[in-house]
Amino acid sequence: MIGKLVKGNNFTKCLNYVLNKQGATLIGGNMAGENPSELSGEFSICHFLNQRVTKPVCHISLSLPQRDHLDDRTWCEIAGRYLQAMGFTRNQYIVARHTDTTHDHVHIVASRVRLDGTCVQDSWDYRRTQQVLSQIEAEYRLTPTRADRERRAPTTGQMRRYRKEQVNYANGKRYQPPELPVIRQLQRIIDDNTRDCPTLTQLVSRLQQSDVTVRPAMTAEGEVMGISFGLNGINFPGYKLGNAYSLPGRQNYRGVEWDAKRDVVALSPISYANSESIAGQPDSVQQQFTQTVAPIVAQMLYSLSTLQHRGDIYTAYWQTQEETRVLVLERNADGERLMKAKYESKPGLEAGQWTQVEQSRLTAADVEQFMLISRAIHNPKYSARRASLSK
């Protein structure tokens with residue numbers, strides 16, 4: 001369960017948002033009013049008991065993972081348990097249910113001023129919220145959610161602006177629905193593309209198709225030390241999106257497979273946003289592409305026990321050129337030669353490397369395709385005789 005808590009100074013605006021949204025239902029609380037106007041009047045009477053409190057409104061949202069669902073009665077029980085644990089012992093509050101997202105969730109609007117005029121303390125309320133919700137998850141046997149430190153929230157100002165724009169849109173004062181803060185958009189796009197535990201190369205390719213830019217942070221020695229993401233010209237280092245969005249966090253929290261040698265192309269400082277076009281790519285990029293794709297193609301031909309194979313998308317074959325074996329890769333659709341490479345050893349090196357015989361014309365999409373082939377080759381259930389270069 002995820003909980004968000006925001007404090008404010010205007011009950012009317014908050015109640016209008018919570019209760020006037022399409023599909024919203026007032027399901028509980030301890031107040032007599034049934035609409036924003038009536039409830040706002042009741043809240044104001046209590047606030048009058050302690051006007052030194054400049055932010056008497058406490059707006060809490062509680063949200064479940066998609067697999068969980070609760071009835072109204074259970075939601076009201078949980079809301080009461082949460083408020084009691086957070087110090088709202090003699091406070092006015094209402095509970096409303098929303099149906100505008102796929103996640104089952106409720107909104108609580110509570111007065112921070114108690115009926116005796118004292119104010120609920122808000123020190124460490126974020127940390128206390130996480131502790132209370134963890135206990136509720138265990139008691140009600142709900143699916144545990146990852147700690148919020150894995151996923152940073154937008155700033156209070158960003159969320160206030162977003163909610164204000166939502167109210168204006170609902171009231172016809174805004175023609176376009178508001179967009180979520182960029183930090184939240186990025187988190188959602190990345191989360192949606194990591195559900196099947198892809199390789200980092202696959203993830204980078206998917207994000208670029210969603211207009212997300214990916215950039216590595218490099219040391220002076222050329223080693224990758226971090227990763228950043230950008231959308232609509234706004235960039236965030238991965239760790240500022242949350243622990244699960246840093247380079248090690250991708251692997252630890254989301255199961256993204258990361259290998260420095262294999263994924264060096266994906267993390268090249270060169271932008272692959274338009275990866276289908278190789279115009280303007282420096283030779284160093286094509287050399288990296290070649291060093292990634294060539295050994296996979298060679299291993300595929302070896303697995304098939306053949307010197308030539310035509311798949312649905314690519315054709316690969318060995319060619320002898322001046323007494324040297326050369327590996328050739330062509331695209332079937334247009335017959336374009338994408339790669340012509342040879343394997344050579346250098347003195348002093350335990351292993352050699354693949355080099356271009358002529359300028360390669362590989363794209364990042366080609367690299368991703370052959371990374372999938374590499375995983376298939378190493379799968380114990382892989383059948384070499386039925387393999388295809390297109391799958």
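Reader: In this predicted model, does Asn-91 count as buried or exposed?

Author: Asn-91 is placed in the loop between helix H3 (72–85) and E4; helices (H or I, at least four residues) and strands (E, at least two) are DSSP runs, numbered from the N terminus. Buried means under 20% relative accessible area, exposed means over 50%, and partly exposed lies in between (1.4 Å probe, protein chains only). Asn-91 has a relative accessibility of 5%, and therefore counts as buried.

Reader: What kind of model is this?

Author: Residues are numbered from 1 along each chain as its sequence is written, and side-chain values use heavy atoms, without hydrogens or water. Local features need pLDDT of at least 70 and side-chain atom pairs count only at pLDDT 80 or more, while totals for chains, interfaces and linings use all residues, since the model is predicted.

Reader: How far apart in space are the C-alpha atoms of Ile-108 and Cys-58?

Author: Ile-108 belongs to strand E5 and is buried, with a relative accessible area of 0%. Beyond its neighbours within four places in sequence, its contacts (heavy atoms within 4.5 Å) include Cys-58, Ala-79 and Tyr-93. Ile-108 and Cys-58 are 50 residues apart in sequence, yet their C-alpha atoms are separated in space by 7.9 Å.

Reader: What is the distance between the end C-alpha atoms of helix H2?

Author: The expected span of a helix is 1.5 Å times one less than its number of residues. For the 12 residues of H2 (residues 36–47), this rule gives 16 Å, and the distance in the model agrees, at 16 Å.

Reader: Which elements do the buried residues of H2 pack against?

Author: The buried residues of H2 are Pro-36, Leu-39, Ser-40, Phe-43 and Cys-46. They lie on the same side of H2 because they cover an arc of only 120° around the axis, taken from the directions from the helix axis to the C-beta atoms. On the other side of H2, Ser-37 and Ile-45 are exposed. The buried residues pack against helix H1 (11–20), strand E4 (93–98) and strand E5 (105–111).

Reader: How many residues of helix H6 are buried?

Author: Helix H6 spans residues 182–192 and is mostly covered. Its buried residues include Val-182, Arg-184 and Asp-191. Of the 11 residues of H6, the number buried is 9.

Reader: What share of the 391 residues of the protein chain counts as buried?

Author: The chain comes to 11 helices and 13 strands. Among its contacts between residues at least 6 apart in sequence, 62% join residues at least 24 apart. Of the 391 residues, the buried share is 47%.
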